[in-house]
Amino acid sequence: MKSFVEHLSKYAAYHRDKRNVATHYIGVPMIVAGVVTMLSRPALMHINGIAISPATIGVMITALFYLKLDIRFGIVMSVFLATCLWLGQMLAAQSTAIWLAWGIGVFVVGWVIQFIGHYYEGKKPAFLDDILGLVIGPIFVAAELAFELGLRRDVQDAVEARVGPTFIRQATVA
């Protein structure tokens, strides 16, 4: 299995423009929340009042993957995923129209925001070359936010040694 730094570096190579990274702070959580909401139906069973749905299973597998990559980021991501699962289950308990409107709406708006960021980047999204980018994207956002806050400098230095720092890409004049 690739290391945390290897995964982040591969994903970061598609995300060096600061404007693109900024759009990911909004778009990626929206996409995750939308996917979790959509997968929160059907409830396959209930255990102690907790609905076990495809979302529950997906969140558990993804949280375990993140915890294996990096325990500290894994804990942060597990809390985020659990929050998305709680929200998704709340919306799934509503009418079908409300559940679909929120799930699809948040998902689509999140992707629109993502593609605006990739316009600034001048590169396609990472998942088009490696489907695992869809799983690495959320933990990348957590890492970039941590770096902005001055946390996990060791990880930031290791990633930047491979792909360089973030920047604002200058417009090219034709």
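A residue is called buried when its relative accessible area is under 20%, exposed when that area is over 50%, and partly exposed in between (1.4 Å probe, protein chains only). The views below show a predicted model, in which local features need pLDDT of at least 70 and side-chain atom pairs count only at pLDDT 80 or more, while totals for chains, interfaces and linings use all residues. Residues are numbered from 1 along each chain as its sequence is written, and side-chain values use heavy atoms, with hydrogens and water left out.

**View 1. The protein chain as a whole has 7 helices and 2 strands.** Helices (H or I, at least four residues) and strands (E, at least two) are DSSP runs numbered from the N terminus. In order from the N terminus, the elements follow the pattern α-α-β-β-α-α-α-α-α. The C-alpha trace spans about 55 × 40 × 30 Å along its principal axes. A compact globule of 174 residues would have a radius of gyration near 16 Å, and the 17 Å of the protein chain agrees with this; the radius is taken over C-alpha atoms, and the globule rule is 2.2 Å times the number of residues to the power 0.38. Of the 174 residues, 42% count as buried.

**View 2. Phe65 and Tyr66 form one of the 7 aromatic pairs in the structure.** Rings of Phe, Tyr and Trp (its six-membered ring) pair if their centres lie within 6.5 Å; planes under 30 degrees apart count as stacked, over 60 as edge-to-face and the rest as tilted. The ring centres of Phe65 and Tyr66 are 6.1 Å apart and their planes meet at 45 degrees, so this pair is tilted. Both Phe65 and Tyr66 are buried.

**View 3. Trp111 and Phe127 form an edge-to-face pair.** The centres of these two rings lie 5.2 Å apart, with the planes at 65 degrees. Trp111 belongs to helix H5 (residues 96-121) and Phe127 to the loop between H5 and helix H6 (133-148), so the pair ties together parts that are 16 residues apart in sequence. Trp111 is buried, at a relative accessible area of 17%, whereas Phe127 is partly exposed, at 22%. Together with Phe107 and Phe115, Trp111 and Phe127 form one aromatic cluster.

**View 4. Helix H6 is mostly covered, with 12 of its 16 residues buried.** Among these buried residues are Ile136, Pro138, Phe140, Glu144 and Phe147. Their cover includes helix H1 (4-12), helix H2 (18-38), helix H3 (54-69), helix H4 (71-92) and helix H7 (153-163), where contact means heavy atoms within 4.5 Å. The end C-alpha atoms of H6 are 21 Å apart, which agrees with the 22 Å that its 16 residues should span at 1.5 Å a residue; the expected span is 1.5 Å times one less than the number of residues. A kink of about 25 degrees in H6 is centred on Ile139, the bend at a residue being the angle between axes fitted to the seven residues ending there and the seven starting there. Just after H6, Gly150 has a positive phi of about 80 degrees.

**View 5. Helix H2 has a kink of about 35 degrees centred on His24.** The 21 residues of H2 reach 30 Å from the first C-alpha to the last, close to the 30 Å expected. His24 is itself one of the buried residues of H2, which also include Asn20, Gly27, Ile31 and Thr37. The buried residues of H2 pack against H1, H3, H4, H5 and H6.
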